[in-house]
Amino acid sequence: MSSERPNLMPRTGIFYHPSFSRRSYLTVGRRLAAFPDALGDLLALPQVVLFEAQPVSDELLLKVHTADLIREVAKDPL
Amino acid sequence: MVAAAERIWLGELINAFAFIGAGGHHAGRDFFGGYCCFNDVAIAIERLREMHGVRRVAILDTDAHHGDGTRDIYRDDPAVLHVCLCGSDYASADGTKVDVAVYRRCLEAGARSDEVYLEAAEAALAARAGTFCPDLLVWYFGFDGHRGDYGDLGLTAACYNGLVGLTLALSGQVCGGRLLVVLGGGSRADLASSLIPPIIARLADAAR
């Protein structure tokens, strides 16, 4: 995303990735197909900033989940 | 979601809304399902703990179904307050793990389901959050309980407006306004488009 605006505090962050709109595991569908356009004028507000969500490391995943779970998720057909 | 939590904690944001590609609250330490892969809220909490010394986090889970994965991960962790509105009543001995049965109440309430649901959420969370004193409040927001979605509890936009008001007010009272809203369940594109922007608008209004 390119709409980060420095030095405007305090702010509201929106964390989003275009892949969420193309396909959502949650519904095996496109419930977020209209986003981010559906946010409309919110993105123009000076206190709102849009970030692109980033993946986390396997090391961080392993602090919560077992290695087996990570392997099983990777194999999941959905 | 991890970055959102970190930026809030570091004071770069006052609050945030995190979209997701997959659900989180049905993912436990060694199981997953219910359209959830990894427990996003727990991953964010562990990051905050490891990197920033955060200890206490309160979670309000208003997805229509029980957050069994989150409960599995934090069952024995008294530094996580987990209040879940679902199908049964439960409270742990230390009071940090709480389930509130709303299915029957909403069904019986009919047209008053929004009001009944909001009252249940406030009654379960407000006093506990005040005593618990979290560093961050997380609202796990699913819209699957909206009328016509797969977890239909008869809820409408008014309920979600009330919930964002509740979480904003409580976060202001107990943790300096640090509020992270995380998208959970819900399947309908029309509901996503009509329900999510007003919630973000309320967050933005609070951050002015």
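## Nonpolar core

The largest nonpolar core has 94 residues, and Ala18(B), Leu180(B) and Val182(B) make the most contacts inside it. Such a core is a set of buried Ala, Val, Leu, Ile, Met, Phe, Trp, Tyr and Cys residues joined through C-beta atoms within 7 Å. The model is predicted: local features need pLDDT of at least 70 and side-chain atom pairs count only at pLDDT 80 or more, whereas totals for chains, interfaces and linings use all residues. Residues are numbered from 1 along each chain as its sequence is written, with chains lettered from A and ligands numbered from 1 in the order in which they are written.

Leaving aside residues up to four places away in sequence, Ala18(B) touches Phe15(A), Met1(B), Ala4(B), Leu180(B), Val182(B) and Leu183(B) (contact: C-beta atoms, placed from the backbone, within 7 Å).

## Contact between the chains

Chain B gives 43 residues to the contact and chain A gives 40 residues. On the side of chain B, the elements giving two or more residues are helix H1 (2-9), strand S1 (15-18), helix H2 (40-52) and helix H7 (189-206); H7(B) supplies the largest share, eight residues. Helices (H or I, at least four residues) and strands (E, at least two) are DSSP runs, numbered from the N terminus.

Strand S1 (residues 12-16) of chain A runs parallel to S1(B), joined by four bridges (pairing requires at least two DSSP bridges). Thr12(A) stands opposite Asn15(B) in S1(B).

## Helix H2 of chain B

In H2(B), the buried residues include Val41(B), Ile45(B) and Leu48(B), together with Asp40(B) and Arg47(B) (buried: 20 or more other C-beta atoms within 10 Å of the residue's own, C-beta atoms being placed from the backbone). Gly53(B), with a positive phi near 70°, follows H2(B).

Note on methods
Buried ≥ 20, exposed ≤ 12 C-beta atoms within 10 Å, placed from the backbone. Contact = placed C-beta atoms within 7 Å.
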